Amino acid sequence: MLGPGEIFTLFFVTLGPLKVLGPFAAQTRELAPSTLRGIALRVFVLSLVALLARRSPESRMNHHLRTPRLRNRLPALAALLAASLCAGCAGAPERQARKQEDLFAERRAQDAARGEGAKRLVAQMLARAEAKARTPRATIDLLIISGGGDWGAFGAGVLKGWGRVAGEMARPQFDAVTGVSTGALIAPFAFLGDDASIERIVQLYRNPTLDIATSRGLLFFLPNNPSFYLLPGLERELRTALDRGMLERIAAQEASGRLLLVNTTNIDLGDLHPWDLVAEAKASLAAGDPQRVHRILLASAGIPAIFPAQQIGPHLFVDGAITGNILYGARVDQEQGVAAQWRAKYGRAPAPRVRYWVIFNNQFRFPPQVTQARWPEIMSRATIMATQNATVSAMRHLEANAELTRLKYGMDVELRVMAVPESWVPPAAGTFQKEVMNALADLGEKMGADPASWSNGVPD
């Protein structure tokens, strides 16, 4: 056993080799992942050979020389080990700095563009309401799908089970679908709305691949890393499920006036950034870049620091749940909304009934538990609770807006919500666990097939 003096000496002896970490990361930053893996493998083999040499017969016979030999070998072993650990940790290229006044100007321009975009979307929805008003008992159906990580399996299951319902509560063709984070991944399939499309997204959640999220290595936490995890499996499955044919079907809906919107967060400008996926699908296909839509969806689901941010144009985008875990037009001035414009144009003529359907991929309150006094457990539960409570507050705001629309404009507006029951407990610990995701999908299918599972408004 090494004594305190030897441990003290070894600590300072190994400081020298640790200085190679920065230069090594800089030198390997631009290398391809396959090259980095090759470097890591070679370093690992060399380290293993050195460690086996430490146990050679000669070293055992020269017991009295063991400590000096250990001292001589430690610097080299430390350097090799550090190199092997950092081989997969090369950071992202440095982004070019920009003047603060330029960024403020760009944010103002984005604000103006978002305002004009909202006017265009309101006009589309008004035109759709006008067309549907010619049919007796017509409805305008708006589907809102929240974030929730791997619990999105619940929402996918709800959509499938809902397809078995007939009558007034049957799954409609939605006039607008919005999604955030995991809800953004589900939204395109709900928008297309046929059973085959919904089965695609259900199967994606029911069969998480082993590499859906992979760690960047033992030193994943180094500050030059873009994120803790990569998403090779999710990226591959998304390309397969949302292929060119699906994008063409989404783009073809432009003439119908139906809306498909997802939310992201522009981490540079510090604000939400909704995307019109019908317009984006059309533009990306025309440009020969169908993966642009995939990047938008991955950005919406990109938990900051945990999953990679996505660069789209000059900016970085992350999880839409940071700025709004449901997307429901909260920033649209009610005086400029569809209800106000209908009354201004048609007076007291009856408008189609408006139905909001909210799928909350979470629980309104988590089951109580004894949380261990360790930072991972505390941070994990507290972060999810923060998003959960913000989402419930947003739903209450939506509920208040619906009530105001009823009172002020005489519109018939309904709000229905479906969430994971508070009593439900995951059958296993961890995220992206197949057992848990299948249990959630089963639960969603069962609840979706039962119209009584919808609550009228937000529970107290």
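Asp-289 counts as partly exposed, at 29% relative accessibility. The term covers the range between buried (under 20% relative accessible area) and exposed (over 50%), using a 1.4 Å probe and protein chains only. Asp-289 forms a salt bridge with Arg-295, and their closest N and O atoms are 2.9 Å apart. A salt bridge here is a side-chain nitrogen of Lys or Arg within 4 Å of a carboxyl oxygen of Asp or Glu. Arg-295 also counts as partly exposed, at 25% relative accessibility.

This is a predicted model, in which local features need pLDDT of at least 70 and side-chain atom pairs count only at pLDDT 80 or more, while totals for chains, interfaces and linings use all residues. Residues are numbered from 1 along each chain as its sequence is written, and side-chain values use heavy atoms, with hydrogens and water left out.

Now the overall picture. The chain has 17 helices and 11 strands. Both are DSSP runs numbered from the N terminus: helices are H or I with at least four residues, strands are E with at least two. Of the 460 residues, 43% count as buried. The chain exposes about 23500 Å², and carbon and sulfur atoms supply 60% of that area. Accessible areas come from the Shrake-Rupley method with a 1.4 Å probe; for residues, only the protein chains shown count as cover. Take the contacts between residues at least 6 apart in sequence: 74% of them join residues at least 24 apart. Contact means heavy atoms within 4.5 Å.

How confident is the predictor? The chain averages a pLDDT of 85, and 80% of the residues score at least 70. pLDDT is the predictor's confidence in each residue, from 0 to 100. Over residues 1–24 the pLDDT is below 50, and this stretch has 21 contacts in the model beyond near neighbours in sequence. Residues 52–67 also stay under 50, with 13 contacts beyond four places in sequence.

Next, a helix pair. Two packed helices are described by the angle between their axes and the distance between the axes. The axes of H13 (residues 277–286) and H14 (residues 291–300) come within 8 Å and cross at roughly 145°. On the H13 side, Leu-277, Glu-280, Ala-281 and Ser-284 make the contact; on the H14 side, Arg-292, Val-293, Ile-296 and Leu-297 do. These residues divide into 5 nonpolar, 1 polar and 2 charged. Nonpolar covers Ala, Val, Leu, Ile, Met, Phe, Trp, Tyr, Cys and Pro; charged covers Asp, Glu, Lys and Arg; the others, Gly among them, are polar. Each axis is a line fitted to C-alpha atoms, for helices over the stretch in contact, and angles run from 0 to 180 degrees between N-to-C directions.

Back to charge pairs. Side chains of opposite charge can pair when their charged atoms come close. The structure holds 32 salt bridges. Which residue does Arg-206 pair with in a salt bridge? The partner is Asp-442, with the closest N and O atoms 2.6 Å apart. This pair links distant parts of the chain: Arg-206 lies in helix H10 (residues 195–206), Asp-442 in helix H17 (residues 434–448), 236 residues apart. Arg-206 is buried, with a relative accessible area of 14%. Asp-442 counts as partly exposed, at 43%.

A second pair sits within one helix. The side chains of Asp-111 and Arg-114 meet in a salt bridge at 2.9 Å, N to O. Both are in helix H7 (residues 100–132), 3 residues apart, so about one helical turn separates them. Asp-111 is partly exposed at 36% relative accessible area, and Arg-114 is partly exposed at 23%. Elsewhere, Asp-141, Glu-168, Arg-353, Arg-355, Glu-414 and Arg-416 are linked in a network of salt bridges.

Two backbone details follow. Arg-137 is not a glycine, yet has a positive phi of about 60°. Arg-137 is found in the loop between H7 and strand S1 (139–145), and is exposed, with a relative accessible area of 72%. Phe-432 also has a positive phi, near 55°, in a residue other than glycine. Phe-432 belongs to the loop between strand S10 (413–419) and H17, and counts as partly exposed at 26%.

Finish with Pro-459, in the segment after strand S11 (455–456). Pro-459 counts as partly exposed, at 33% relative accessibility. Not counting residues up to four places away in sequence, Pro-459 touches Phe-364 and Arg-396. The C-alpha atoms of Pro-459 and Phe-364 are separated by 8.2 Å, though the two residues are 95 apart along the chain.
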